[in-house]
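I opened my notebook to see how the pieces of this model are laid out and where they touch. Here is what I looked up, entry by entry.

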Amino acid sequence: MHRVAQRRIIIPFLLPALLLLGVFFLYPLVRTVDISFTEWSRTGSYTYVGIDNYTRVIDDPGYRNALKNAFLFTLVGGCMLFPVAIAIAWALHQRIHGERFFRFVVFAPVVLSVAVVALLWKFVYHPTLGLINPALEGVGLDVLARTWLGDPATALPAVAFTTVWHGIGIWVVLLSAGFERLPPDVLEAGRIDGAGEWRLFRSVMLPMMRDLFRILVVLWIVQSMQAFAFVFIMTGGGPFGSTDIVGTLMYREAFERSEFGYAAAMGVILVVIMLAVAQIVNKVMKRDELHY
Amino acid sequence: MKTMRFLVPLVAGCLALAACGGDDSAESAAPDAANWQTTIKGGPLEVGVLSAKGTPGLAILEQLAKKLEADYAGTKVTLTFANTDARPGIEQRWRSGDPLDVDYGMFDGTNEALRVWADDGKLLDLRPYLEQNDPDTGKPWLDRFSPTVRKFMENPSDKGIYGVPSELSLHVLFYNAKLFTQHGIQPPRTWDDLLAANAKLKSAGVDPIAVTGLFEPYIGMWSDHLWLRTVGYDAARAVLTEGKGHITENPGFLKGLEMLQRLRDEGAFLKGFEGTDFTAAQAQFFQGDAGMILMGSWLVSEMADVIPADFELGVVPFPSVSGGAGDQGAVMAAAQLVSVAKESGNIPLALEWARRLTSVETQAQRAKDIGEVSAVTGVSSPPGIPGIDKVISGAEALQPRDFGIMQSAAKDVIYPEIARLVFGKQDAQQTLKRLDEGLRRVYRN
């Protein structure tokens, strides 16, 4: 009797969330899959073409290049993000002098719009009018000067760096919460046993935060594989496709060439790949749960 | 089982939503051409504009809107930015049956990809209205427009006219006239002149040519123009955007690439161009960092705020190529056409906007104040672009810019390969080979 009453009351509570989920997530997902089986004209009429779009995507070297770049972006960006974010979060956990100021400095870029940050860094990277090359030349390191966004070897890392610079504040906040959750008595026990701060960090803190890292890595993969705005504004996918990622390629196919079905097929394949990668990462990084 | 109870209705609902939709818009009747002006009534009118907020170009259109509002009670004109990155959103509105009453970029008779809106009946055929006498001049409205731009306005399939030009964009070679005079350099009329100008500018410590490396289609303007001269418009277009024949079959393509390679090898391009975006490259030209820039005639209006007061601008057509098998006197151009939506709720008012926008008075003001080149006869060339009148009068033909590559699937093949060549990653022969592979893949030929 009690259970039936409980069920009755659960449904109205769940309904708004389910409605939102249905309208803003499931419906677009179903619609995208539906569109991926169609071919569109520029004016909006369409015909069903079965799995043609999927076979085209698989044969498309542009898509393979975009996927490769998306993985590279995720990897390079992840390598730039996590060590620095963990270090900052750890430093802020040490109750250093001026902690609030540093927290503000780290978090400040997050509140800037993507367009503003992208244009700002586009200027910073400018080979002759920007800030980096003249600074390098000023200190006699001309040999390190590059045409950052114009060199296929540096363009993708440069955009990844900008993405990380913009969003690192959020990751620091999440990691800081992880450090805050660590039980002080365990850390204290380590100190009593003679562990230094580095040893404590490496052998106690990091293992205890493994679950959090797993979630954050999956989140980063999902976020960076879908990256679009920074690449679109800073390089448009160039030079010669070296920064082209799935998001920018899909955008061009859909909105420049009105190939909505083809772009939708690219999106569906990306979702499947992301789910698979997230699942693999989840499994690889999964360890027995630590209760503390 | 419990999960299914939630999931099944949810998915069913989503599928029902997905099945919904369709065209619920009502098409308004077009007015009788003979007396359309007597049927104009005030009402809301949404007009697409190419000028950004705060620019002198928009100010002129705002004046025009105010005048229309004053002349027809109840009129409220909304000017909607419809250029570049706004286009996808605007086109989505057209697809969903909520078009702007008057819009840009919906038609170009010379470009198959841009004729589909007319072919699918989304645009109003303006010919019947254009053929009526204009009350201001007593001659047909159509007679206002230069015969050279008619091919942009007319749809070859049904001979209808689906757009009128508010301005003409000519692709020309701008040069810093003061710098050229100082160093005794002749404006480059031929390819040899251009090479000589490069050498003199370099020896004067100035980078010869400003170009952007971050927007490949602008690098591609060089190959487009070279191929116009070494291959010819029709032959190049057939291979590049129509998939007819192969790029290796016409030696003019390789010749054009070799000429571009020579420019690169002689260090003709702006230092650091690879990482410079087009706004910066244009600004650097006006700051005297480079002697020349190949760009559309919109350059002057676009960069008006950064052009120094004492800057002396010169302009010539793209240099001719001695012995080139292509069109030596042709100039690449685009007509910026405004079209009227067939589904517009107020077609007479939309037509009146187009008529006023293309009046000699408005066009003369745009030429004088913002440096726009007009396609309307009797309008003087913009004083801000000295020499553009000679370019227009000397042009043997106006050929559509970029061969239509930008709207074709070959865009992602051609321009990145041209960029590789200009960036020094491959030579002309390798570029031709990669272009051939890419074009064969795109056109499956």
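Before taking any distance between domains, I noted that domain bounds come from an automatic or database domain assignment. I also kept in mind that this is a predicted model.

**Entry: domains of chain A.** I looked up the assignment and found domain 1 (1-25) and domain 2 (36-285) in chain A. Taken over C-alpha atoms, the centres of domain 1 of chain A and domain 2 of chain A are separated by 35 Å.

**Entry: domains of chain B.** Here each domain is listed as two segments: domain 1 of chain B is 41-169 + 334-398, and domain 2 of chain B is 170-332 + 401-443. I then checked their C-alpha centres, which lie 29 Å apart. How many residues does each domain put into the contact? I found 24 residues from domain 1 of chain B and 21 residues from domain 2 of chain B.

Helix 2 (56-71), strand 4 (164-176), helix 16 (388-394) and strand 9 (397-400) of chain B each give two or more residues to the side that touches domain 2 of chain B. Helix 16 of chain B gives the most, with 3 residues. Sorted by class, this side of domain 1 of chain B has 14 nonpolar, 7 polar and 3 charged residues.

**Entry: where the chains meet.** I turned to the contact between the chains, which takes 31 residues from chain B and 31 residues from chain A. On the chain B side, at least two residues each come from helix 1 (2-19), helix 3 (87-95), helix 4 (116-119) and helix 17 (411-422). Which of these has the largest share? Helix 1 of chain B does, with 8 residues. The side of chain B that touches chain A has 17 nonpolar, 5 polar and 9 charged residues.

**Entry: a helix pair in chain A.** Two packed helices are described by the angle between their axes and the distance between the axes. I looked up both for helix 2 (residues 52-59) and helix 13 (residues 260-285) of chain A: the axes come within 9 Å and cross at roughly 70°. Angles of 65 to 115 degrees count as roughly perpendicular, so helix 2 and helix 13 of chain A are roughly perpendicular to each other. The crossing is right-handed.

For the residues, I noted A:N53, A:Y54, A:R56 and A:V57 in helix 2, which meet A:G261, A:Y262, A:A265, A:M266 and A:I269 in helix 13. The residues of this contact divide into 6 nonpolar, 2 polar and 1 charged.

Terms used:
Residues are numbered from 1 along each chain as its sequence is written. Chains are lettered from A and ligands numbered from 1 in the order in which they are written. This is a predicted model: local features need pLDDT of at least 70, side-chain atom pairs count only at pLDDT 80 or more; totals for chains, interfaces and linings use all residues. Two residues are in contact if their C-beta atoms, placed from the backbone, lie within 7 Å. Helices (H or I, at least four residues) and strands (E, at least two) are DSSP runs, numbered from the N terminus. Ala, Val, Leu, Ile, Met, Phe, Trp, Tyr, Cys and Pro count as nonpolar, Asp, Glu, Lys and Arg as charged, and the others, Gly among them, as polar. Axes are lines fitted to C-alpha atoms, for helices over the stretch in contact, and angles run from 0 to 180 degrees between N-to-C directions. Angles under 35 degrees count as roughly parallel, over 145 as roughly antiparallel, 65 to 115 as roughly perpendicular and the rest as oblique. A crossing is left-handed if the near helix is turned anticlockwise from the far one by less than a right angle, and right-handed if clockwise.
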